[in-house]
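Subject: Structure handover

Hello,

Here is the structure for you to look through. My notes on what turned up in it follow below.

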Amino acid sequence: MCSSSSLQFALLLFILYFKCLFLSVESQTSSLVTDMEALLSFKSQITTSGPLNPLSQWDQNLSPCNWTGVVCNGRRTRVVALNLSGFHLQGSISPHIGNLSFLSSLQLQENQLSGPLPDQMGNLFRLRDLNLSQNSLNGVLPSNISKLTELRVLDFTTNRITGAIPTDLDRLVNLQVLNLGKNLFTGTIPASIANITSLDTLSLGTNNLTGTIPTELSRLGKLTVLDLTLNYLTGTVPASIYNMSSLVVLALASNHLWGRLPYDVGVTLPNLLVFNFCFNQFTGGIPGSLHNLTNIKVIRMAQNRLVGTVPPGLGNLPFLEMYNIGYNTIVSTGDDDGLQYIITSLTNSSRLKFLALDGNPLGGEIPESVGNLSKVLEKLYMGQSRISGNIPPSIAQLSGLTLLNLSYNSISGEIPPEIGELVELQVLDLARNQISGRIPSNLGDLQQLNRIDLSGNQLVGQIPSNFQNFQKLLSMDLSHNRLNGSIPREILNLPSLSTVLNLSKNSLDGPIPEEIGILKSVVAIDLSMNHLSGNIPSSIKDCLSLENLFMADNMLSGPIPGAIGEVKALETLDLSSNQLSGPIPADLQNLQILQSLNLSFNDLEGPLPRGDQPSISSTNALKGSVGYIPPEYGLGGKASTAGDVYSFGVMLLELFTGKNPTHESFVGELSLIKWTQSAFPSNVNQILDPELLLLQNLQHDTNGQPINPDTYHDCLTTIIGVGLSCTSVSPDGRITMRDALRKLKTVKNTLTNRSPPTKKRAWII
């Protein structure tokens, strides 16, 4: 009896065990099915612009554990990680992603995702790493993001997220990295962030944050990175911030902060490697204790109100990579040659890549020891520093130099031919000095140059013909010198030239070469105040991007070529004080946006063009060229202003992408316009001409202030948008030429930090 009961009980346990096992397997299978459905819903809202589509391998007949980017747990029963970073994904994030309830890592950075963040992300309560950086996500942070209490990393850098930073983020008690930089956040920095005592990195830079820096942040005893750059923060830095001994990076640049810098900051912040306080209103002297931090890599204090001398100890920084004290009032004292001290001291910093001393009244001469600076030095700024004497030939030993700026000093002597040995040089600026002699032909060896400015000196002789080697040149300014001889045809064979060609105020003679038409992308040409003769070349019509043309005060003769009327972008045309004759071309009326016309002191006749009359002829320089022809022309449509707008738009896209419509990469249905559309607006950097991105850190407005990188990027995005608006398939869908130029003018004013000019035509005859 007992034996029978025991057997029945054992059998019952055995049945229950298998039933539970079966239910467990069924539950696990059902859960994996739920994960698969969530992933397929995510896939349904995603496309890709890249060469590979990782989601094409997501076959619902296979386990999601085998899908690209998907990671399951050890038993392959649940999805625990999704990593699709850098796959050029486009579209929005499906709310069903919130059903991946076992997800611990979500990595979707470096894509082109857009739209808002779904509230359902707040359901991922096991999530430890959430990285959605470098996308185009917008809207506000989900209100329930603070429920993700297991989070260690929250990274939304480089999106377009708006609204205030939530005050309840302090519920994320395990958070170590909070990166919200490069967004559009507004409001103040919540003091409650100080309650996240586990924080190692706090990056809120490049937003629209206002108010003061909360004193409470100093309670973050484990914080190594504090980045609040490029906001609108005001007031002084709380004294307790300078006592956060764990800090490795302290970056507060580009705000409206003020107050004296503590001299002992290097003592209270002993682990500091990066000190970035540029573009504020700090006062006092350079904290000498920073020079005692032998491991420090970056010291940046440019554009403040600092005074005094460079303190001792500068020679004790072997790991220093950047030293920027530009545009303060740092001086030399007594017999001390501050410039020589700085240069000689920094020869011990063998890793130095960036040195900026410009905008300080240091005085003195450039010492021979400049050649002993770091061989990896890339940028050397010493303009506006009251420097005198000669340029030492030893400067040629800086073989890694890409930028040399010695402008606006009192440097004399000749340009050392040895500068031609700096074969990596991209920017050479020696403007506004007292440099004499001839331009060394060795400069023609600088084949990487994209900008050369030798203006405002006392240079003589001819322009070297081997300047034709500058095939990457964007800007050339040789004005205000004593150069003579003819304009070498070779130097006009520079199709890359896209901003300025300025040869004015010299003694150049002879005719203007027909090769000037090669400069299809240049915005401004100034040949005024020379002794040039002969006719104005009709090839000027090929300078399709030209906005400003100055040829005044020469000895030019013959008629004004009507072809100038084809240069649609012209805003200023000055041909005054020449020997031009004949009738004023009626074609000048085609210049719809011309604001200033000066034809005075010539022998011209006939009426002025009727400037308010719209253009009535197509741009012959474009019409008939493959890729520039508007679609309606191929269907028998007549030439029209809308066609001109289309051609102008194609030209604009060509100029800023660096690819022409017939580029070899455009095959099949892919065209310049479609290729540009694929990256606009969120990934416009992928289609921009690399030269424009290279110049991003070199651009300054009319006040000499560096242009904010985000402003620079937004302006380039606007320009690409104008080009796409001009190239709509339907003529009715295109913006007008006037609207296009108005938007471009706004970009120009933004970059130069100028208010829009009053629209007034100044026609002088």
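**Salt bridges and a sheet**

Arg489 is partly exposed, with a relative accessible area of 48%. Here buried means under 20% relative accessible area, exposed over 50%, and partly exposed in between (1.4 Å probe, protein chains only).

Before going further, note that this is a predicted model: local features need pLDDT of at least 70, side-chain atom pairs count only at pLDDT 80 or more, and totals for chains, interfaces and linings use all residues. Residues are numbered from 1 along each chain as its sequence is written, and side-chain values use heavy atoms, with hydrogens and water left out.

Back to Arg489. Its salt-bridge partner is Glu515, with the closest N and O atoms 2.9 Å apart. A salt bridge is a side-chain nitrogen of Lys or Arg within 4 Å of a carboxyl oxygen of Asp or Glu. Arg489 sits in the loop between β31 (482–486) and β32 (500–502), and Glu515 in the loop between β33 (507–511) and β34 (524–526), so the pair ties together parts that are 26 residues apart in sequence. Helices (H or I, at least four residues) and strands (E, at least two) are DSSP runs, numbered from the N terminus. Glu515 is partly exposed, at 24% relative accessibility.

The whole structure holds nine salt bridges. Two others among them:

- Arg451 with Asp429: the closest N and O atoms are 3.0 Å apart. Arg451 is in strand β28 (residues 451–453) and Asp429 in strand β26 (residues 427–429), so this pair links parts that are 22 residues apart in sequence. Arg451 is partly exposed at 28%, whereas Asp429 is buried at 5%.
- Asp739 with Arg742: the N to O distance is 3.8 Å. Both lie in helix α9 (residues 737–752), three residues apart, or about one helical turn. Asp739 is partly exposed at 30%, and Arg742 is partly exposed at 41%.

Now the sheet. Three strands form an open sheet in the order β14-β16-β18, with parallel pairing. Two strands pair if DSSP finds at least two bridges between them. β14 (234–236) and β18 (281–283) are at the edges with a single partner strand each, so one side of each has no neighbour in the sheet. β16 (residues 256–260) pairs with β18 over three bridges. Which residue in β18 is the bridge partner of Trp258? That is Gln281.

Best wishes
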